[in-house]
Amino acid sequence: MREYLLTLCITAAVTYLLTGPVRKFAIVAGAMPEIRARDVHREPTPRLGGIAMFFGLCSGLLVADHLTNLGKVFADSNEPRALLSGAALIWLIGVLDDKFEIDALIKLGGQMIAAGVMVMQGLTILWLPIPGVGIVALTQWQGTLLTVALVVITINAVNFVDGLDGLAAGMVCIASGAFFMYAYRLWYSYGIEAAAPATLFAAVLMGMCLGFLPHNMHPARIFMGDSGSMLIGLVLAAGAISVTGQVDPDVMGLYGSERSTVYAMVPVYIPLLMPLTIIAIPAADLILAIVRRTWRGQSPFAADRGHLHHRLLEVGHSHSRAVLIMYFWSAVIAFGALAYTVNSASMWIVLAIAMLSGVGLFLLLLPRFTPRAPRWAEAFVPPRYRRRKAATPETALQPTPDWTPSLNGATALGARPKDEQPSPAGARR
C-alpha cells in the first residue's frame with residue numbers, strides 16, 4: 001500500500017507543479033479559443049492541461065518501475081507499457097485538437113488506433129465472467145472489438161462530461177478511488193497478482209486528477225482540454241480492461257467444481273459490473289446526447305447545451321453546486337458497487353444506497369437553497385457562502401446587464417450579448 005500511495009503522491013505533485021507552466025505555455029501558444037454559445041465560462045481560458053497530466057502519468061509509472069514490489073508489475077506484465085503507448089498516442093491527438101480543433105471523425109479514428117495499439121501489446125479482454133454461466137472465452141477478434149469499443153466509449157463518456165470546472169477530473173477521481181479499493185482487495189486479499197496492474201493504473205489516475213483539480217476548480221484557471229479528458233478516459237478504460245479480461249479465476253484456483261462456490265465468489269463477477277458503474281453517469285450522458293442529437297437530425301458529435309450538468313444549471317443550481325451533485329451521484333454508484341463486492345447479502349448496504357439516493361433527489365429539488373455560514377465562520381469560507389449586506393439605495397438603482405449572474409449562482413443561463421454568435425459544433429467544451 002505504501003508504494004501505491006507514494007506513486008499516487010508523486011503523480012499528483014508532478015501534475016500540480018507542471019500545470020502552472022503549462023498554463024503560461026498555452027497562453028503563449030494561443031490555445032485559448034473564443035467563448036462559444038454552449039460554454040458556461042465567461043472569459044477565454046487556456047487549455048492543454050492534459051500536458052501536465054500526461055507528464056504526471058509518465059512520472060508515476062517511472063517511479064513505480066523503480067520500487068521493490070511495483071517493479072514486479074513491469075517485469076511480469078506488458079500492460080504498463082501498453083498503457084503508456086496508447087496514452088501517448090491519444091494525448092498527442094488531444095493536444096493537436098486543443099490547438100487546431102481537428103475533425104471529430106479524425107479524433108474517433110485516433111481513439112480506435114490508440115485502443116488497437118494497447119490490444120497489440122496484450123492489454124485486451126480475453127474472457128468474460130457471466131453469472132450463472134461461468135467463464136466465456138472470447139476469440140481474438142471478439143476480444144479486440146470489445147476492447148476497442150470499451151476504450152472508445154469510456155473516452156467519449158469522460159469527454160462529454162467535461163463541461164464544468166472540475167467536473168470531469170473530480171468524477172474520474174471518485175471512480176478511480178473506488179476502483180483502486182476494489183482492485184487492491186483482489187490483489188491483496190485474494191492474492192491475485194494479475195490485479196496489480198489495474199491497481200497501479202487506478203493509483204496513477206487518482207494522482208493525475210488530484211494534481212490537476214486545484215487549478216481546475218471553479219473558477220478554473222486552465223482546462224484539461226481533449227488532451228486531458230481523452231487521456232484520463234483511456235487510463236480509466238485500461239484499468240477496467242485489465243481486471244475484466246486478465247484476472248482469470250480458473251488459473252488462480254478461485255473457482256471450484258460446485259456451482260455454489262461460483263456464486264459465492266461475488267468479487268469475481270463484479271469485474272463485469274464495476275467498469276460499468278465507474279462510468280455510469282458519463283455513459284448515461286453520452287447515450288442521452290446521442291439519442292437527443294439523432295432525434296433532432298443532427299450529428300452525434302454536434303455539441304449542444306443538453307448535457308446533465310447543463311440541465312442542473314437550467315434548474316437553478318449554481319456552478320459549484322451542480323458539480324458537487326454530480327460528484328455525489330458518482331460516489332453513490334461507484335462506492336455502492338464497491339460495498340456490494342464486500343458483502344452482497346447485507347440489506348444494510350441496500351438501505352444505505354437507497355437512503356443516499358433519496359438524499360440526492362432531495363438536493364436536486366433545492367436549487368434555490370443557498371447555505372450561509374455563521375457570522376463567526378465567514379472569514380473561513382468562500383464569499384458565496386457569506387451573508388450579503390443589505391443593498392443601499394445607490395446600489396439598488398444601478399443598472400445591471402441582462403447576463404449578470406443571479407443570486408443563486410446560475411451563471412450559465414443568462415442571455416448572451418447579441419453580437420456573440422455560436423461557433424461551429426464540436427464534441428467538447
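This is a predicted model: local features need pLDDT of at least 70, side-chain atom pairs count only at pLDDT 80 or more; totals for chains, interfaces and linings use all residues.
Colleague: Which residues have the most contacts inside the largest nonpolar core, and why is it called a core?

Modeller: The residues with the most contacts inside it are Tyr4, Leu57, Leu200, Leu231, Ile232 and Leu234. The set has 88 residues, and it is called a nonpolar core because its members are buried and joined through side-chain atoms within 4.5 Å. Helix α7 (residues 167-188) gives the most to this core, with 14 residues.

Colleague: Which residues are in contact with Ile232, leaving aside its neighbours within four places in sequence?

Modeller: Met53, Val158, Ala168, Val172, Leu205, Met208, Cys209 and Met224 are in contact with Ile232; contact here means heavy atoms within 4.5 Å.

Colleague: How do you know that the span of helix α5 agrees with its number of residues?

Modeller: Helix α5 (residues 104-120) has 17 residues, which at 1.5 Å a residue should span 24 Å; the end C-alpha atoms are 24 Å apart, so the two values agree.

Colleague: What is found at the start of α5, and what just after it?

Modeller: At the start, a side-chain oxygen of Asp103 reaches to within 3.0 Å of the backbone nitrogen of Leu105. Just after α5, Gly122 takes a positive phi of about 105 degrees.

Technical notes: Residues are numbered from 1 along each chain as its sequence is written. Side-chain values use heavy atoms; hydrogens and water are left out. Helices (H or I, at least four residues) and strands (E, at least two) are DSSP runs, numbered from the N terminus. The expected span of a helix is 1.5 Å times one less than its number of residues. A polar contact is a pair of N or O atoms within 3.5 Å; within protein, one must be able to donate a hydrogen and the other to accept it, and residues adjacent in sequence count only if both atoms are side-chain atoms. Buried means under 20% relative accessible area, exposed over 50%, partly exposed in between (1.4 Å probe, protein chains only).
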